[in-house]
Amino acid sequence: MWAVFGFISSACSTGSLKFIPVSTYIVLYNMSPIFLMLLSVKFHHEKVTKLTVISMVSSFIGCILVIQPSFIFSGEGVDPFGATIAVFSAFTLAIAYIVT
């Protein structure tokens, strides 16, 4: 299972680089710890502390600031399709870590 999700993550990583800059991709790809924590709560019954919630929320807000969606910021921002692929890549990487 790890190989399947790892392959999907790698394929999405490569695909997203056609649409977004590398710096934006790196920030979005490093969202995998956020997804990993959410999946750990569901599947491994990890405890969530207040500090963990604050960290996840602030990380998510930071990622939104990097993407600069047009409905919040004026201007073009980042291609939403490429950003979605990069976030999906991070999510599948978190799944790969969970199933290991």
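Reader: What share of the residues in the chain is buried?
Author: In this predicted model, buried residues make up 34% of the 100 residues in the chain. Buried here means under 20% relative accessible area.

Reader: What share of the contacts in the chain with a separation of 6 or more comes from residues 24 or more positions apart?
Author: Such pairs account for 75% of those contacts.

Reader: Why is Gly 62 called partly exposed?
Author: Gly 62 has a relative accessible area of 29%. Buried would need under 20%, and exposed over 50%. The value of 29% falls in between, so Gly 62 is partly exposed.

Reader: Where does Gly 62 lie?
Author: Gly 62 lies in helix H4.

Reader: How do you know that the length of H4 agrees with its number of residues?
Author: H4 has 18 residues. The expected span is 1.5 Å times one less than that number, which gives 26 Å for H4. The end C-alpha atoms of H4 are 26 Å apart, so the two agree.

Reader: Which residues of H4 are buried?
Author: They are Thr 52, Met 56, Cys 63 and Ile 67.

Reader: What makes these buried residues line one face of H4?
Author: Look down the axis of H4. The buried residues fall within an arc of 45°, so they line one face of the helix.

Reader: Which residues are exposed on the other side of H4?
Author: Lys 50, Leu 51 and Ile 54 are exposed there.

Reader: What do the buried residues of H4 pack against?
Author: They pack against helix H2 (22-29), helix H3 (32-43) and helix H5 (80-99).

Reader: What happens just after H4?
Author: Gln 68 takes a positive phi of about 50° there.

Reader: Which elements have the lowest and the highest mean pLDDT?
Author: Helix H4 (residues 50-67) has the lowest, at 90. Helix H1 (residues 2-16) has the highest, at 94. For the chain, the mean pLDDT is 90, and 100% of its residues reach 70 or more.

Definitions and conventions:
Residues are numbered from 1 along each chain as its sequence is written. This is a predicted model: local features need pLDDT of at least 70, side-chain atom pairs count only at pLDDT 80 or more; totals for chains, interfaces and linings use all residues. Side-chain values use heavy atoms; hydrogens and water are left out. pLDDT is the predictor's confidence in each residue, from 0 to 100. Helices (H or I, at least four residues) and strands (E, at least two) are DSSP runs, numbered from the N terminus. Buried means under 20% relative accessible area, exposed over 50%, partly exposed in between (1.4 Å probe, protein chains only). The arc is that of the directions from the helix axis to the C-beta atoms. Contact means heavy atoms within 4.5 Å.
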